Amino acid sequence: MVSPRQQTYAERALKHTNPTAKILLETMERKKSNLAVSVDVTKTKDFLAIIDAVGPFTHVDILEDFERGLIQQLQNLSTKHDFVIFEDRKFADIGKAKPFISEHSSDNVTGNTVALQYSSGVHKIASWSHITNAHPVPGPSIITGLASVGLPLGRGLLLLAEMSTKGALTTGVYTEEAVRMARARRDFVIGFIAQRRMEGVGIMEGETVDEAEDFLVLAPGVGLHAKGDAMGQQYRTPKEVVLDSGCDVIIVGRGIYGTDPSLTEAIASRAQEYRAAGWEAYLQRASSS
């Protein structure tokens, strides 16, 4: 069986059963881009300007002036620019159902903290975001809770298996358990936030891995002109991430939008630089298989 890192995005899309994974792979192949732009700004005007220039990976929960009308604008831009929406929510709450007493009824009602965070509240993330992510800290129940909302909508989940900051605790057994949890729910978990491919990780003695296993790997900590910052972020080049480590998507934030979100032409130019570097690394990987 050929490893996913040796296949094209189009070939992998044909085999994926999760609709969001298929859409993401098809979109990358069609647009010739494996770039995800992390839009970490606090004003709606800046948020939409960056997205209109480059396409998003969003953080709506940090917007200071969020209104529901923003979501329709985001969806319109998704159609206009042909991109997949990934809300970087990093869910980490419990997924086990628990009873509570409704104010409007004497009956017990079943609640689910993480499912309600995903489906309800101000942001209603599941209704518009193709992809979201979660920490595996609460155990498999977090996947169960999120899947109860996202799976009927055809959504996909990424687990945070590794992080790119210095001193991160997402190593060793933590990463192995994240991968095991994902393998048990391949219908909904489509991949990882990680720094490398996860084939073979978390395999117990005597276990065999399904040859059809294909998890997407989205990698943060990508930079063309810096190796780190004051916040402990550690950067690698698109070539190191995609070609050397076998990751599928490069995640870039400040390296593209900088310190002034109003400079949309410069932002678009930097995005194109990263897009070209990421795609060239992917082509080299595909041609070497």
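Helix H2 (19-31) supplies the largest share of the lining of the second largest pocket, 4 residues. Helices here (H or I, at least four residues) and strands (E, at least two) are DSSP runs, numbered from the N terminus. At least two lining residues each also come from strand E1 (35-39) and helix H3 (44-54), as they do from H2. The pocket itself has a volume of about 360 Å³. A pocket, on a 1 Å grid over the protein atoms alone, is an open set of points where a 1.4 Å probe fits, with protein on both sides within 12 Å along at least five of seven lines, and lining residues have an atom within 4 Å of a point. Grid points are joined across faces, edges and corners, and the volume is the space filled by probe spheres set on them.

This is a predicted model, where local features need pLDDT of at least 70 and side-chain atom pairs count only at pLDDT 80 or more, while totals for chains, interfaces and linings use all residues. Residues are numbered from 1 along each chain as its sequence is written, and side-chain values use heavy atoms, with hydrogens and water left out.

Back at the pocket, 23 residues line it, and Ser33, Leu35, Ala36, Phe83 and Val84 are the closest to its centre. By type, the lining splits into 14 nonpolar, 5 polar and 4 charged residues (nonpolar: Ala, Val, Leu, Ile, Met, Phe, Trp, Tyr, Cys and Pro; charged: Asp, Glu, Lys and Arg; polar: the others, Gly among them).

As for the chain as a whole, there are 10 helices and 10 strands. Of its 289 residues, 49% count as buried, meaning under 20% relative accessible area with a 1.4 Å probe, protein chains only. The average pLDDT (the predictor's confidence in each residue, from 0 to 100) is 87, and 89% of the residues score at least 70. Residues 97-111 fall below 50, and this stretch has 17 contacts in the model beyond near neighbours in sequence, a contact being heavy atoms within 4.5 Å.

Two loop residues are worth a look. Proline 261 sits between helix H9 (254-257) and helix H10 (264-287) and is buried, at 13% relative accessible area. Leaving aside neighbours within four places in sequence, proline 261 contacts Val41, Asp46, Ala49, Ile50 and Ile267. Its C-alpha atom is 7.3 Å from that of alanine 49, 212 residues apart along the chain. Aspartate 214, in the loop between strand E8 (189-193) and strand E9 (216-219), is also buried, at 11%. Not counting residues up to four places away in sequence, aspartate 214 touches Pro4, Arg12, His16, Ile190 and Arg197.

Technical notes: Buried means under 20% relative accessible area, exposed over 50%, partly exposed in between (1.4 Å probe, protein chains only).
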